[in-house]
Amino acid sequence: MNLLITSAASATAQIIVGALGGMHTLRLTDIPGKTSGDIIENELGHESETDELVAGIDAIVNIGYQGQSGLNTHLMDYHTRRMYNLLQAASDADVKRYINISTLKLFQDHEENLVVTEKWHSDPPTDDIELLGAHMAEYVCKEFARDRLIQVVNLRLGWPFVGDSLAGPDDTAAISHGMIGESIMAALTTEELIQWQDIHVQSPVNHQRFITKTAERLLPELYGRLSS
């Protein structure tokens with residue numbers, strides 16, 4: 001597949017690039033001032049450059065949490081106006097699938113004994129601009145999906161990212177780098193999706209904090225490999 005990965009200079013994007021690079025053709029992009037090497041500079045504005053960026057792309061992997069840094073105004077603009085521009089360009093180009101990388105931290109303030117599923121609504125604190133940005137990015141994506149303009153898979157990943165090492169005893173929501181890559185590869189190819197699909201993903205750990213039954217149902221090959 002021809003894949004576009006946004007916020008490509010970010011640590012999360014680099015984990016994904018490492019996982020997908022040998023299997024798919026990647027087009028990497030980030031905003032001006034953050035590009036180097038093969039990363040294409042793009043403002044994600046209303047102009048034709050955004051249309052050119054998505055031309056020939058089969059699916060987009062968007063870093064919807066901690067892909068950007070800077071002033072609060074920039075972060076909110078990026079996750080709202082610029083996401084709208086990207087989704088509109090993708091819809092116009094008939095991109096088939098948009099994978100938004102979000103975070104289970106949206107539910108971190110809930111008591112750990114609560115059974116948090118994909119049916120729960122996120123309500124992040126307004127003083128955490130990164131979580132608020134992730135929340136807003138989800139809403140922009142959801143509007144496009146509900147209008148049936150593009151299919152969106154909203155992957156809410158656990159934390160912390162623990163590389164290929166085992167999670168610590170207190171890391172009840174951890175996810176490994178390998179599982180991040182595997183979950184995206186599975187989300188790119190599975191056919192058992194609705195137009196807007198929330199999926200919670202974390203590594204199986206002792207005292208696992210979040211329910212992952214939707215991921216186990218929709219991405220069985222991922223969990224099959226983990227248990228084999």
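I began with Arg-82, which forms a salt bridge with Asp-77; their closest N and O atoms are 2.9 Å apart. My criterion for a salt bridge is a side-chain nitrogen of Lys or Arg within 4 Å of a carboxyl oxygen of Asp or Glu. The model is predicted: local features need pLDDT of at least 70, side-chain atom pairs count only at pLDDT 80 or more, and totals for chains, interfaces and linings use all residues. Residues are numbered from 1 along each chain as its sequence is written, and side-chain values use heavy atoms, with hydrogens and water left out.

**Entry: salt bridges**

I got a count of seven salt bridges by this rule. Arg-82 also bridges to Glu-43, with the closest N and O atoms 3.1 Å apart. Glu-43 sits in the loop between S3 and H2 and Arg-82 in helix H3 (residues 72-92), so the pair ties together parts 39 residues apart in sequence. Helices (H or I, at least four residues) and strands (E, at least two) are DSSP runs, numbered from the N terminus.

I then looked up burial. Buried means under 20% relative accessible area, exposed over 50%, and partly exposed in between (1.4 Å probe, protein chains only). Arg-82 is buried at 10%. Asp-77 is partly exposed at 21%, and Glu-43 is partly exposed at 45%.

Next I checked Arg-156 and Glu-138, a salt bridge with closest N and O atoms 2.7 Å apart. Arg-156 lies in strand S6 (residues 151-157) and Glu-138 in helix H4 (residues 129-146), 18 residues apart. Arg-156 is buried at 3%; Glu-138 is buried at 3%. Shared partners join Glu-43, Asp-77, Arg-81 and Arg-82 into one salt-bridge network.

**Entry: sheet**

I traced an open sheet of seven strands, in the order S3-S2-S1-S4-S5-S6-S7, with parallel pairing. Strand S3 (40-41) and strand S7 (196-201) are the edges, each pairing on one side only. Two strands pair if DSSP finds at least two bridges between them. Strand S2 (residues 25-30) and S3 pair in the parallel sense over two bridges. Thr-29 stands opposite Ile-40 in S3.

**Entry: Gly-22**

I found Gly-22 in the loop between helix H1 (11-20) and S2. Gly-22 is exposed, at 79% relative accessibility. From Gly-22 to Glu-143 I read 33 Å, C-alpha to C-alpha, and 121 residues in sequence.

**Entry: Asp-51**

I placed Asp-51 in helix H2. Asp-51 is partly exposed, at 38% relative accessibility.
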